[in-house]
Amino acid sequence: PGAVLIKLGLSKVGPDKVDVEREAITHLAWKKLDLNKYRKKSPFCIRVHVFMGSNLPAADDNGLLDPYLKIGFGANKKQVSRKQYDTRDPLFLATFDFNTTLCDDLSIAPPVCLHLFDYDWGPDADDFCGIAFAPMSDAFIQLDPMRDLDEEKIKLLNLPSSFNVIKPSDNKNNKPGIFDGHMPKWYPLMFETPGDGEGDLLVSIQVIPCGPDFSQMDIPIQPDITPPTRPAFIEIVAVGARNLLPYKLLPMSLVHLKFTLDTSKGPITNFTSDSKKPNPNDPNFLERIVFPIELPKNPIFCPAMRIAAFDTRLGGAMVPNIGNCRVDLRSKCPWSDNYIPPRQ
């Protein structure tokens, strides 16, 4: 990864004579190029809010992965998120600060790089599962009267036109990255070329101008970025499973399902009863599970429900995970613009 900023000047010159007029125009264009604005640098804190991942690529034999991120910006040392286990939809809710000096023209600043890895036990190296790039053009900057960061000083920064300048009154939730005027974005993972990866990361980037010594007085404390929630109920109708294939050469014996929903306060789990009727390969559960939960007010933050199937063997001495799937709840929330009613 990396980039080179260049400016090319091309001139069409005949084989027998020099086009004096065109040469003069080219010389004047290079003379007007102000390189000083690229040489002048100022201190910034680049604050990266990482909320969650969605539908990340499977890396383990159970169809899941143990994901963690390495976040990098420019020449700064990479920072590492906490590891999570057996999930393709991790909930990170973490913030990472990078103190750096950047050219005052932030439109040419490097992107934030998010490397996804699957943690492996033992001597084996962790598996690289993709990388996502969050460009600085998607970042936002917040006015802060307490730090004397007003609109006049913001105008002195050469911000990209896509930059969002957030006023304190816009931050009704009092949570960075969760503004009415600026929302985090989903960034797709890739390996070598865009589109060759799987999964997305929900990320928001904040730019904080700093003093020359990166004093803590210049950098606000990292706040809690847990999205605001509202009470709700989740109803699960577990009918059954069909056409279950043998696992590790052994047929099904006694199957049950596990439903897991990750929240900021920890996972919420529910189970069906064991079933082998009418036969272990096509078990019926015929259960209705209803439980209360706090879900994000904004559906973009809604997690996916993980569903895992287990087979009880040898009287409970072995309970292997025989399969996994997920249900995206963003379209299941009645307050979502993309709500899909049941059975539709």
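**Exercise 1.** Decide whether R313 is buried or exposed in this predicted model.

*Solution.* Start with the position: R313 sits in the loop between β15 and β16 (321-328). Next, take the relative accessibility, which is 7% for R313. The cut-off for buried is under 20%. R313 therefore counts as buried.

**Exercise 2.** Find which backbone oxygens lie 3.3 Å from a polar atom of the R313 side chain, and list the contacts of R313 beyond its neighbours within four places in sequence.

*Solution.* Step one: the backbone oxygen of Y247 is 3.3 Å from a polar atom of the R313 side chain. Step two: for the backbone oxygen of L250, the distance to a polar atom of that side chain is 3.3 Å. Step three: with neighbours within four places in sequence left aside, R313 is in contact with Y247, L250, P251, M252, S253, M318 and P320.

**Exercise 3.** Describe the largest pocket by volume, central residues, contributing elements and residue class.

*Solution.* The volume is about 860 Å³. The lining of this pocket comprises 27 residues, and I234, E235, I236, K332 and P342 are the closest to the centre. Two or more lining residues come from each of β11 (229-240), β12 (255-263), β14 (284-296) and β15 (304-311). Of these, β11 gives the most, with nine residues. Sorted by class, the lining of the largest pocket holds 22 nonpolar, two polar and three charged residues.

**Exercise 4.** State how many cavities of 30 Å³ or more the structure holds, then characterise the largest cavity.

*Solution.* There are two cavities of 30 Å³ or more. The largest cavity has a volume of about 50 Å³. Its lining consists of M52, G53, S54, D89, W186, C302, P303, A304, R326, D328 and R330. The elements that supply two or more of these residues are β1 (41-54) and β16. With three residues, β1 gives the most. The class count for the largest cavity is five nonpolar, two polar and four charged.

Note on methods. Residues are numbered from 1 along each chain as its sequence is written. This is a predicted model: local features need pLDDT of at least 70, side-chain atom pairs count only at pLDDT 80 or more; totals for chains, interfaces and linings use all residues. Side-chain values use heavy atoms; hydrogens and water are left out. On a 1 Å grid over the protein atoms alone, a cavity is a set of points where a 1.4 Å probe fits but cannot get out, and a pocket is an open set with protein on both sides within 12 Å along at least five of seven lines; lining residues have an atom within 4 Å of a point. Grid points are joined across faces, edges and corners, and a volume is the space filled by probe spheres set on the points. Helices (H or I, at least four residues) and strands (E, at least two) are DSSP runs, numbered from the N terminus. Ala, Val, Leu, Ile, Met, Phe, Trp, Tyr, Cys and Pro count as nonpolar, Asp, Glu, Lys and Arg as charged, and the others, Gly among them, as polar. Buried means under 20% relative accessible area, exposed over 50%, partly exposed in between (1.4 Å probe, protein chains only). A polar contact is a pair of N or O atoms within 3.5 Å; within protein, one must be able to donate a hydrogen and the other to accept it, and residues adjacent in sequence count only if both atoms are side-chain atoms. Contact means heavy atoms within 4.5 Å.
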